[in-house]
Amino acid sequence: MSGSDVTRDGVEGGRPGREAPTGARAGRRRRRRGRGEQPMVPEAEFSSYYGKPVLNKPTWKALDIAGYLYLGGLAGASSLLAAGAGLGGRPALARPAKLGAAGAISLSLVALVHDLGRPARFLNMLRVFKPTSPMSVGSWLLVGYAPLTLAAAAADVAGRYRLAGSAATAGAAVLGPAVATYTAVLLSDTAVPSWHEGYRQLPYVFAGSAATAASGLALAAAPAGQAGPARRMAALGAALELGAFRLMKGRLGLAAEPYERGRPHRLLRAAEALTAGGAALALLSGRVRDRRVALAAGAALLSGSAALRFGVFQAGVDSAEDPKYTVVPQRERLAARGR
Amino acid sequence: MTPDDDGTASAGPARGHLLYGPQPDVAGAAGYPDAPPRMGFFTDTSVCIGCKACEVACKEWNAVPEDGLELTGMSYDNTQGLGADSWRHVAFIEQRKPFGGQEPGVVHEDVDVFAAAADLGTDAGSPGPGATAPPPGAAPAGAPAGEISPVSPDGRTELRWLMASDVCKHCTHAACLDVCPTGALFRTEFGTVVVQEDICNGCGYCVPACPYGVIDQRKDDGRAWKCTLCYDRLGVGMEPACAKACPTDSIQFGPLEELRERAASRVTRLREAGVTDARLYGESPDDGVGGDGAFFLLLDEPEVYGLPPDPVVTTRDLPDMWRHAALAAVSLAALAVTSFVRRPR
């Protein structure tokens, strides 16, 4: 579309600088291309309104909500470790797991409340129970889960009320996996293309990521003699996380692109390297009697899990900001239906 | 605004069974036994003149705060989109296309407009309703009808302006309402979707849930805001401020059933008159959100106006999401059990 050629005898031909193109992809040149990155698929042809996004992007703050996803996973899987260690007679593994679960879930609640537009009204979350709202389900889950982790940790530290402590530990272990995986539904139950389209795989990614984070914390804090289950959990969790994430990106189509570009891409590559490296170090730490290996494994696993959550979060925000990811798949859907 | 607490109490559980597909009795499903007919908007963009009276009327009536006076430089559109502080948004689109039967470059010096008006059975003093749009076949002599001439005599392509006033769609299956954890968003007896500002705690979940990018969080206030379809005015039998202010009746308010009939005949008439691009958007109860309470007559693809071509309410897949999350939780527990199985030494 060229410039104005308005009247008889008047202005004719293009007038550079006065173009206001629409229809064709236009106006959006903000996207920073990472060094040496190649788009996975050719640029799609589509129309948009001056390149403006169709969706309103999430207003959530990355530190609060991605941090919450991470801490919730860390807490949930730590509760599993705590219960297993309690049953298997590994008190030195159980204590950091219980403290980790209680600390992480407390911090995550702080992050959640901090992210509210009206923090003073956070109790309104408990006004109704709505299965159609993952945030409502999650709020009720946390109301049940957080006190259990705190009770389990308190009983362990105090060394009293053994029975109540065990019951709380068991209860937390029952709710823990739900706390770790419901956050995937929280993200997927939106119109954000890169979150919604991955709803079949994202819970498994988050489950694996939760396992690696919890085992990382346990490896760093528990003596090597009792950390065997954590080492195995690290390896299994890493396999689940990396495998499910690969599968997800393969199934997403165009919505996989935000995971392969810019900051999310860097975060997710780091997550992959840290998680795989951390799992390898974790297995190694079972053979060499050097505390530093276990510490390095723990640090790598904890930061790898965090990088994954921040990467997934940011990729979703990016996919909401570009109309391409909303319009093109919907157009393809219509074409497939023959309209 | 006087939010209705009955609606809140019944909105959640009663709707839970039907997350997707046609829902003829929206208010009934939300727990109103004797609901009035579902009300909505039909925005006929073919007669929109881009005056923005709707934007102004909406801001005035609802006391929506000013949200920055930014000149975009892209078009006459400085509102840019719907959000917490823009509940109506007029889009401006310039295109190199003719508008229906317009004939560029034709000189009309020999047309006696008064004679043409007399043919329509109206006089200049009091033009009757619809006087400017004669039914096909009844067009006065000399008036262009039924043909598109894409290129003017001197060879240049023609230009048209599309203007469209966008608004909250008040979906049959509203994702914002479904995901709201506090019950602040509720279904009214008119079948519309409204935020209760005294309940909303600003969690922001509704914002990315909306497939149209309508609702948003007000920055300094923290809560989510959007069009209420003037719930307060509806309650006393008045039409919403934007529809009232619209000088061309591009925004039409009324019972949804009636609006759908009117829209169907309007789009047929436009097509017969040569406006082959005319199409309805959001009127079908079979679409991904079960049909919009506010639907549109568009003259181009929806995405040209910044609308999603095939929106789907995200909660359609929610049962499946819960299933996958439950399986993943079981997998995580199994993974932990496996980790604790003592290997033989």
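A residue counts as buried if 20 or more other C-beta atoms lie within 10 Å of its own, as exposed if 12 or fewer do, and as partly exposed in between, with C-beta atoms placed from the backbone. By this count, 49% of the 345 residues in chain B are buried. In chain A, buried residues make up 57% of 339.

The structure is a predicted model: local features need a pLDDT of at least 70, side-chain atom pairs count only at pLDDT 80 or more, and totals for chains, interfaces and linings use all residues. Residues are numbered from 1 along each chain as its sequence is written, while chains are lettered from A and ligands numbered from 1 in the order in which they are written.

The predictor assigns the complex an ipTM of 0.88 and a pTM of 0.85. Its confidence in each residue is the pLDDT, on a scale from 0 to 100. The average pLDDT of chain B is 85, and 79% of the residues score at least 70. Over residues 1-17 of chain B, however, the pLDDT is below 50. That stretch has 33 contacts beyond near neighbours in sequence, a contact being two residues whose C-beta atoms, placed from the backbone, lie within 7 Å. Residues 127-151 of chain B also stay under 50. For them the model has 40 contacts beyond four places in sequence. Where pLDDT is low, the predicted coordinates should not be read in detail.

Secondary structure was taken from DSSP runs, numbered from the N terminus: helices are H or I runs of at least four residues, and strands are E runs of at least two. Chain A has ten helices and zero strands. Chain B has ten helices and ten strands. Contacts between residues at least 6 apart in sequence were also examined. In chain A, 75% of these join residues at least 24 apart. In chain B, the figure is 68%.

Helix H9 of chain A covers residues 291-321. Its 31 residues reach 45 Å from first C-alpha to last, close to the expected 45 Å. The expected span is 1.5 Å times one less than the number of residues. Of the 31 residues of H9(A), 24 are buried, so this helix is largely enclosed by the rest of the structure.

In chain B, strands E2 and E3 run antiparallel and are joined by eight bridges. Pairing requires at least two bridges found by DSSP between the strands. B:His89 stands opposite B:Asp166 in E3(B). B:Phe92 stands opposite B:Met163 in E3(B). Both strands are mostly covered. Six of the eight residues of E2(B) are buried, and six of eight are buried in E3(B).

Several loop positions in chain B were examined individually. B:Ala174 sits in the loop between strand E3 (160-167) and helix H5 (175-179). B:Ala174 is buried because 32 other C-beta atoms lie within 10 Å. Its C-alpha is 9.0 Å from that of B:Gly290, 116 residues away along the chain. B:Asp221 occupies the loop between E6 and strand E7 (224-225). This aspartate has 16 C-beta neighbours inside 10 Å, so it counts as partly exposed. B:Asp221 and B:Gly202 are 19 residues apart in sequence, with 8.6 Å between their C-alpha atoms.

Two non-glycine residues have positive phi values. B:Leu229 has a phi of about 50 degrees and lies in the loop between E7 and helix H7 (231-235). With 27 C-beta neighbours inside 10 Å, B:Leu229 counts as buried. For B:Asp249, phi is near 60 degrees. B:Asp249 is in the loop between helix H8 (241-245) and strand E8 (251-255). It has 14 C-beta neighbours inside 10 Å and therefore counts as partly exposed.

At the interface, 62 residues of chain B are in contact with 74 residues of chain A. The elements giving two or more residues to the chain B side are strand E2 (88-95), H5, helix H6 (206-209), strand E6 (216-217) and helix H10 (318-340). H10(B) gives the most, with 15 residues. The chain B side divides into 30 nonpolar, 22 polar and ten charged residues. Here Ala, Val, Leu, Ile, Met, Phe, Trp, Tyr, Cys and Pro count as nonpolar, Asp, Glu, Lys and Arg as charged, and the others, including Gly, as polar.

The largest nonpolar core has 202 residues. Such a core is a set of buried Ala, Val, Leu, Ile, Met, Phe, Trp, Tyr and Cys residues joined through C-beta atoms within 7 Å. A:Leu81, B:Cys176, B:Cys206 and B:Leu332 touch the most other members. Not counting residues up to four places away in sequence, B:Leu332 touches A:Ala77, A:Pro177, A:Ala180, A:Thr181, A:Ala207, A:Ala210 and A:Ala211.

Methods. pLDDT = per-residue confidence, 0-100.
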